[in-house]
Amino acid sequence: MINLGLLIIRLVVGVLFIGHGAQKLFGKFGGYGLKGTGGWFESIGMKPGVTMALFAGLAELIGGILFAVGFLTPLAALMIAGTMIMAIVKVHAPNGLWATSNGYEYNLTIVAVAIGVALIGPGKYALDIFFF
């Protein structure tokens, strides 16, 4: 049952991060694409905005794919956790913990899940078992 639980966690988190990356990179799922996201990044002091949006979008998209399929899971977890830590530092920390105040509660939860899976391992329903 642990392996099935890890698969569910990896799939849900991974697919959601694929979506977040597609928002930033391609403007899918209500996102603003590189130009729009880059402009917002510039407005919060992340310069050059389009380049930072590209890096964030790639980290989310590639990290999400790797996490979902359980390949290079520690790297995938680091990519996901890294984007969430940046979101905490640059956007949510001044608002406190709770999501009801646009705080970092959600982001911190994702960091814990990603790092937790990296430490436990992706389970037997993962590509990592064939390579490592």
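1. A word on terms to start: an axis here is a line fitted to C-alpha atoms, for helices over the stretch in contact, and angles run from 0 to 180 degrees between N-to-C directions. Helices (H or I, at least four residues) are DSSP runs numbered from the N terminus. The model is a predicted one, in which local features need pLDDT of at least 70 and side-chain atom pairs count only at pLDDT 80 or more, while totals for chains, interfaces and linings use all residues. Residues are numbered from 1 along each chain as its sequence is written, and side-chain values use heavy atoms, with hydrogens and water left out.

2. Let us begin with helix 1 and helix 3. Their axes are 7 Å apart and the packing angle is about 155 degrees. That makes helix 1 roughly antiparallel to helix 3 (angles under 35 degrees count as roughly parallel, over 145 as roughly antiparallel, 65 to 115 as roughly perpendicular and the rest as oblique). Helix 1 passes helix 3 in a left-handed crossing, meaning that the near helix is turned anticlockwise from the far one by less than a right angle. The residues of this contact (heavy atoms within 4.5 Å) comprise 18 nonpolar, 5 polar and 3 charged. For these classes, Ala, Val, Leu, Ile, Met, Phe, Trp, Tyr, Cys and Pro count as nonpolar, Asp, Glu, Lys and Arg as charged, and the others, Gly among them, as polar.

3. Next, helix 1 (residues 2–26) meets helix 5 (residues 105–120): the axes come within 11 Å and cross at roughly 130 degrees. Helix 1 is therefore oblique to helix 5, and this crossing is left-handed. From helix 1, the contact uses L6, I9, R10, V13, F17 and H20, and from helix 5 it uses Y106, I110, V113, V117 and I120. By class, that gives 9 nonpolar, 1 polar and 1 charged.

4. Helix 1 also packs against helix 2, at about 95 degrees with the axes 5 Å apart, so helix 1 is roughly perpendicular to helix 2. Here Q23, K24, L25 and F26 of helix 1 meet G33, L34, T37 and F41 of helix 2. The contact divides into 4 nonpolar, 3 polar and 1 charged residue.

5. Two backbone details deserve a look. Most residues other than glycine have a negative phi, and most peptide bonds are trans. F29, in the loop between helix 1 and helix 2, has a positive phi of about 55 degrees although it is not a glycine. K47 and P48 are joined by a cis peptide bond with omega of about -5 degrees, and P48 lies in the loop between helix 2 and helix 3.

6. Finally, the largest pocket holds about 640 Å³ of space. Of its 27 lining residues, K24, W40, F41, E60 and A87 are the closest to its centre. Helix 1, helix 2 (33–43), helix 3 (49–69), helix 4 (73–92) and helix 5 each supply at least two lining residues, and helix 4 gives the most, with 8. The lining has 15 nonpolar, 9 polar and 3 charged residues. A pocket is, on a 1 Å grid over the protein atoms alone, an open set of points where a 1.4 Å probe fits, with protein on both sides within 12 Å along at least five of seven lines; lining residues have an atom within 4 Å of a point. Grid points are joined across faces, edges and corners, and a volume is the space filled by probe spheres set on the points.
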